[in-house]
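Colleague: I would like to learn how to read a strand and its neighbours in a model like this one. Could we go through it slowly?

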Amino acid sequence: MAKISMIVNGNPVNANVDPRTLLVQFLRENLRLTGTHVGCDTSQCGACVVHLDGKAVKSCTTLAVMADGHEVKTIEGLAADGAPLHPMQEAFREHHGLQCGFCTPGMIMTAVDLVHRKGHDLSDEVIREELEGNLCRCTGYQNIVASIAAGAKAMAKSDLA
Amino acid sequence: MYEFKYHRPGTVRQAANLLVKNEDAKLIAGGHTLVPVMKQRLASPPHLVDLSHIEGLDTIEMKGRSLVIGATAKHAEVANSAVVGEAIPALAELAGLIGDPAVRHRGTIGGSLANNDPTADYPAAVLALGATIVTNKRRLKAEEYFQGLFSTALEADEIITKVMFPLPKKAAYIKFRNQASRYALVGVFVAKRPSDVRVAVTGAGSDGVFRVAAFEEALKKRFSHKVLDGIAVSAEGLNSDLHGSAEYRAHLIGVLTRRAVEAANAKD
């Protein structure tokens, strides 16, 4: 077993884990943060995307021990319970950026990372290019792209990062 | 995934000692090659030695006339580095084409080269630019480093610490991606160096990355895509699979080399 400690959604977390535990397993099974999904389990689909030290990563391909001493943010960490949604979440709701919703946490975490890297004024072309690591099997992406463009703009006016 | 013992050395020397002490130990940095194969149980190392906490192993800098990239520099760091963009823009572009944004936040140049996947991107750049792989023990020229499918000159207790790239006069990388995996179905890196021209191909060869001598000779005389007309690439020794036949890949090598030469010339 390996002792790990990290900050998850702003809260310090300590645990003793088998080194082969994936970060996504640790988040879902140990911390019960089940918003992060396992889709393909082969780093293709992006349903498991979380932020590690502020950068989008695939938590199904990251060992929990490798996140030791680092900071993790999941979809649950974007906005507090009961508080208004994060602008990117609100944009997905407003623009019908989801149908079944399975890919949505990963889409939103990827989108927020994209805004952090490339700013608030994003062309459709840039958004589509940046979504190459996130698969959606319902929407055909049209509304996801519209949601991200709107969410990026809304983030400029929001206190939530 | 099978059980393993996890080690986190603070220095390259400690990491090397762990490799000596623990037979069949594997190095891990970003984990984006190793973790997937461990999950599939294609690899089951009893020990993992994590390089990601060794300080200074990810430095990117100019040293004299060479661009030096630390082994644990991540693809996104290489892609966005002003130093790389200034020195060898084609290399920054190549790094920006690996996987997807999340993969580029974790995967490292050292990991890619140590694994030597026959469809990985970095091997083409390293071979075409004539880079030197620096390890904890010695310096290896690109030509001696790559030794076929998933095979390199690295010894069991040898660790890549950095890669030194001499600056080319012109260079470009063109990749034809597999749409699902985003690996190169064929990728061609063309480098016009002070003394010669090198054309390195990844994704196509059944024995890994290789150079195309006929193209190199023609391009050395005149660095224009027009000199490639009429020179055919043989399909012999090329991969044939559900993504494309050997003949298709041979054809792509010609097409992509022409595009790469054009792109390199357009950068002036």
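Colleague: How many residues of strand 11 (residues 197-202) of chain B are buried?

Modeller: Six of its six residues are buried, so the strand counts as mostly covered, where buried means that 20 or more other C-beta atoms, placed from the backbone, lie within 10 Å of the residue's own. Strands here are DSSP runs of E with at least two residues, numbered from the N terminus. This is a predicted model, in which local features need pLDDT of at least 70, side-chain atom pairs count only at pLDDT 80 or more, and totals for chains, interfaces and linings use all residues. Residues are numbered from 1 along each chain as its sequence is written, while chains are lettered from A and ligands numbered from 1 in the order in which they are written.

Colleague: Which residues of strand 11 of chain B point one way, and which the other way?

Modeller: In a regular strand the side chains alternate between the two faces of the sheet. Here Val197(B), Val199(B) and Val201(B) point one way, whereas Arg198(B), Ala200(B) and Thr202(B) point the other way, and all are buried.

Colleague: Over how many bridges does strand 10 of chain B pair with strand 11 of chain B?

Modeller: Two strands pair if DSSP finds at least two bridges between them. Strand 10 (residues 184-192) of chain B pairs with strand 11 of chain B over six bridges in the antiparallel sense, and a hairpin of four residues joins the two. Thr202(B) is the bridge partner of Gly187(B).

Colleague: What stands opposite Ala200(B) in strand 12 of chain B?

Modeller: Arg211(B) does, and strand 12 (residues 210-211) of chain B runs antiparallel to strand 11 of chain B, joined to it by two bridges.

Definitions and conventions:
Buried ≥ 20, exposed ≤ 12 C-beta atoms within 10 Å, placed from the backbone.
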